[in-house]
Each structure stands twice: as C-alpha cells, then as structure tokens.
Amino acid sequence: MADDYLVRIGKLIRDARQHRGWTQSQLAEALGTSQSAVNRIERGNQNISLEMIARIGEALDSEIVSLGYAGPMHLRVVGGRRLSGSIDVKTSKNACVALLCATLLNKGRTVLRRVARIEEVYRLLEVLNSIGVRTRWINNGVDLEIVPPSELDMESIDAEAAIRTRSIIMFLGPLLHRLDAFKLPYAGGCDLGTRTIEPHMIALRRFGLDIAATEGLYHAQVDRSVTPGRPIVLTERGDTVTENALLAAARHDGVTVIRNASSNYMVQDLCFFLEALGVRVEGIGTTTLTVHGVPNIDVDVDYSPSEDPVEAMSLLAAAVVTESELTVRRVPIEFLEIELAVLEEMGLDHDRTPEYFADNGRTRLIDLTVRPSKLEAPIDKIHPMPFPGLNIDNVPFFAAIAATAQGQTLIHDWVYDNRAIYLTDLNRLGGRLQLLDPHRVLVEGPTRWRAAEMMCPPALRPAVVVLLAMMAAEGTSVLRNVYVINRGYEDLAERLNSIGAQIEIFRDI
C-alpha cells in the first residue's frame, strides 16, 4: 500500500514538472537536492515527507496533494457547434519521436524546434533522462535541448516509461554503435494487434545485432565483425523499420543501401536531420536510400521538424464532420495530396494557397480552407498504401467523413489487426458502421449524430475520430480516459476550443 502511494505521488510530481516545462535537474536545483533524488521520487522509490511535497508543490506552482489524487483525464463535449477561424498544424509527432531517438547518434548538443508537447515525447524523455541524457525545454518551453552523456547508464533505464511507447524500438539502431551488449524493455504503444520486431531484426542483423527476448526484455548483443556487404532489402516498407535501418546506417563506416524503404514524412524528416549531422543520404523521398555513414558524430545541431500531416487531416475532418468553414494553416501538402484528391471526388469545397516551405527548408506547406459541403460516398473503397498513397494513419478519419456523406463507403484498413473494430464505436454516437471482418468496415451515411458517454478506444486515431463525432452530435457527450489522445496530440481540446468547440477537461474526484 505504501509503495502504491509513493508511485502515485511520484507520477503527480512528474506530471506537474513536465507541465511546467522543467527537467529533473531544474527541479532538483530549486529544491537544493540531486537529480537522482528527484528521479527516485518520481519513480516512487524514495520516502517523501509532507514538508518535501509542499516544497515541490511551491516550486512547481502546483497543488501536488489534495483530497483524492489525479485520476484519468476525461473530456466533456458539448456538440453541435460550428467551428470557425484558423488553426496552425503542430510539428509531427512521429518525426519528433524519431529525432529524439536519433539524438543518441550524436555526441554533441542537439536543439529541436517546436517539439510536440505530447505524452509520447514525455515517455521518451523519461527514458533518455533515466540513462543519463540531459534534456531541457528552452525558449519558454517551445524548443528542446538534448545533451548526451559520455557513457549511457542502461542499467537505470525507466522500464515503466519505455513499455508505454513503441518508439523505444528505435533505440536499437543508435545503441548498437555505442554498446556491445544492452537490454531494452519490450515496446508498447497503441493496442493495434500483434506487431513483431522481426522486420527490424532482418535489417539490424546486417549490422551485427542479435536479440534474445526473455522476461519482458530484449537482450541485445553486437558482433562488430558483421557489416552489410550488399543492399539491405526490408521485408516490410514500414516507417519505424526504415528509421531503424537509417539510424544503424548513419554511423556505419561505409555506404549502406536500403531498398523497399518507406518514403513517408517522418522518414524524410529523419533523413534531413541526419544530413544536418553530416551523414549524406541519397534518394530521399524514394524507396531506395543510400547512406554514407559517419562513424563518429560530434556536432552541435539545430533542427526544425516539419508539420504533422495526420494532425492536419484530423483538423480537416473536424471541419467536415461539424459542417464548418475552417482554415487549417501549415498543411504539409505533399503528404495529403491523395486524401484531398479523394475528398475532391466526394465533393469537398475547399481552397488552398500557393505552396511555401516549412522551417526545415524542405517540406512543402499550404494553408487550406474547408467549407461545408454535400459529400457523396466514393465509388472506390478507401484503403491505405505506403507513401505516396493514402496515409495509413489517415484511414480512420475517413470513417467519420464517410458517415457524413450520402451512400455507402467501404473502408479497408488492412495494415492493423484491431483498428477497424474500434471504428465501430461510432455506432454508439448514431453511426451506421458494419464490421465485415477485422479489417473491413462498411459505412452508411449521412448520419444524425447523437450524444453518448463512452470509454476512449485504446488506439490513437480511432479515439480522435470518436471525439470529432462527439463534436458534431447535439447535446453533451463524455469521453473517458483520454490518455491515448494525449500520446499524439498537444492540447487538442484547448486548441479545438479556440476555433469554436466546447470541450471541458475533467478528472474524477
């Protein structure tokens, strides 16, 4: 019981510190203690007095302890409201987590601009901090500075944080250059069915990495005599698989050719970052990447990840489902062209500005204005394909959009085992979705949305789709336990409120 109490207090302190934008070192300095002591407190591994709790609360300007404790976050949504005005797209969640993993390649100081303040990033920062990497939010909490230690302390890795993010799998590529042997907790993340790491291993074995999985850990060994003598052919054109191969190739002393590579947005951002580190990458935007590795990387680098096309799709879908006129600014158009082409065929009324460049100087952006439209169901099924096809993560948003259109739409979400099942949660809100099999859903529109109270689906994009439908439904809905949304979106409720939504954040007493 005492241990459970300490863990709960520790989590509250950690959340309050992150909300303030402080590192563990900054809190330790304010308290006159050590960073390791703060780390133990946050992990529930140290007894803590009421006096110390009060001091921490004062330092963080947060009421750490009150009656009860901070339970799961919920959303109360008053629907049926029209959105208006304009909203900027935030930086890419998937690019930011890949870049955080990539900082392990560099011995120098890395600054990442406008990093997404999301739970997935927080979990990775906790893992990085626990193994000795110093991170701090700078420029009023907008940008992130990362400084690695000379030696990583893998024995102190924060396993609890690691298992809550699948992104931890991308530590494998950088770590195989720094350590001959190490252990990593199993990768977690969304509940999207079984996903093995075998495609990763097929690529990383070519760099001498061997893994045995036992008791919730990956036990890694590196044979330095093994190097890729011929092109690496990925058995899955996956984003994280490609990123792991790139991270391994970046510090390989030689030229590595990666075939059947993903050319998706986060992969391109990672390639641009590697170039800033001095690694030459040929074929960016194609399925064949040629990496000229640099065995020692020690540079101070400043990089701006690009905007998130999936968040842009989320905001576009919010406008469509609520029948609103809305301008979505800083949309990475090259990663939404297929989606917009499909929506044009369905009858979407919209305008777009001329293209301009993102802060990385490479990604093309537009501002997109969406107006209320009479949509017709598409003739062909909606299905994802690797870039430049319709983005896998954008498929769920078409379930809500198709529900507003006249006619039947077949959605074939062939990539994930469980995600299509979660889309049928829209039926609780008045939708008419028929699950044909674990991968195919038939959507009948148009829909008269109705308010409901329900648990948040355990997968990120279907969870946001449910929230958008609640925004369209007349009356008051409640979406319970929205941690999964916070994994991928920064202050989504507040930002939607800024353009006319009415969403209240609350917790159980």
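**Ring contacts and a buried helix**

Tyr-265, Phe-335 and Phe-387 are linked into a cluster by ring pairs. This is a predicted model, in which local features need pLDDT of at least 70 and side-chain atom pairs count only at pLDDT 80 or more, while totals for chains, interfaces and linings use all residues. Residues are numbered from 1 along each chain as its sequence is written, and side-chain values use heavy atoms, with hydrogens and water left out.

Reader: What kind of aromatic pair do Tyr-265 and Phe-335 form?

Author: A search of the whole structure finds three aromatic pairs, where rings of Phe, Tyr and Trp (its six-membered ring) pair if their centres lie within 6.5 Å, and planes under 30 degrees apart are stacked, over 60 edge-to-face and the rest tilted. Tyr-265 and Phe-335 form one of these, with 5.9 Å from centre to centre and 65° between the planes, which makes the pair edge-to-face.

Reader: How many residues apart in sequence are the parts that the pair of Tyr-265 and Phe-335 ties together?

Author: Tyr-265 belongs to helix 11 (residues 265-276), helices being DSSP runs of H or I with at least four residues and strands runs of E with at least two, numbered from the N terminus. Phe-335 belongs to the loop between strand 14 (326-332) and helix 13 (337-346), so the pair ties together parts whose separation in sequence is 70 residues.

Reader: Are Tyr-265 and Phe-335 buried or exposed?

Author: Tyr-265 has a relative accessibility of 4% and therefore counts as buried, given that buried means under 20% relative accessible area, exposed over 50% and partly exposed in between (1.4 Å probe, protein chains only). Phe-335, at 7% relative accessibility, likewise counts as buried.

Reader: Which class of pair do the rings of Phe-335 and Phe-387 belong to?

Author: The ring centres of Phe-335 and Phe-387 are 4.9 Å apart and their planes stand at 45°, so this pair is tilted. Phe-335 lies in the loop between strand 14 and helix 13, whereas Phe-387 lies in the loop between strand 17 (364-371) and helix 14 (395-404), so parts 52 residues apart in sequence are tied together. Phe-387 counts as buried at 16% relative accessibility. The class asked for, to return to the angle of 45°, is tilted.

Reader: How many of the 13 residues of helix 12 are buried?

Author: Helix 12 is largely enclosed by the rest of the structure. That description follows from the count of its buried residues, because the number that are buried is 13 of the 13.

Reader: Which residue has its backbone nitrogen 2.9 Å from a polar atom of the side chain of His-74?

Author: His-74 is part of strand 1 (residues 73-79), and at 3% relative accessibility His-74 counts as buried. The backbone nitrogen that lies 2.9 Å from a polar atom of its side chain belongs to Asn-481.

Notes
A polar contact is a pair of N or O atoms within 3.5 Å; within protein, one must be able to donate a hydrogen and the other to accept it, and residues adjacent in sequence count only if both atoms are side-chain atoms.
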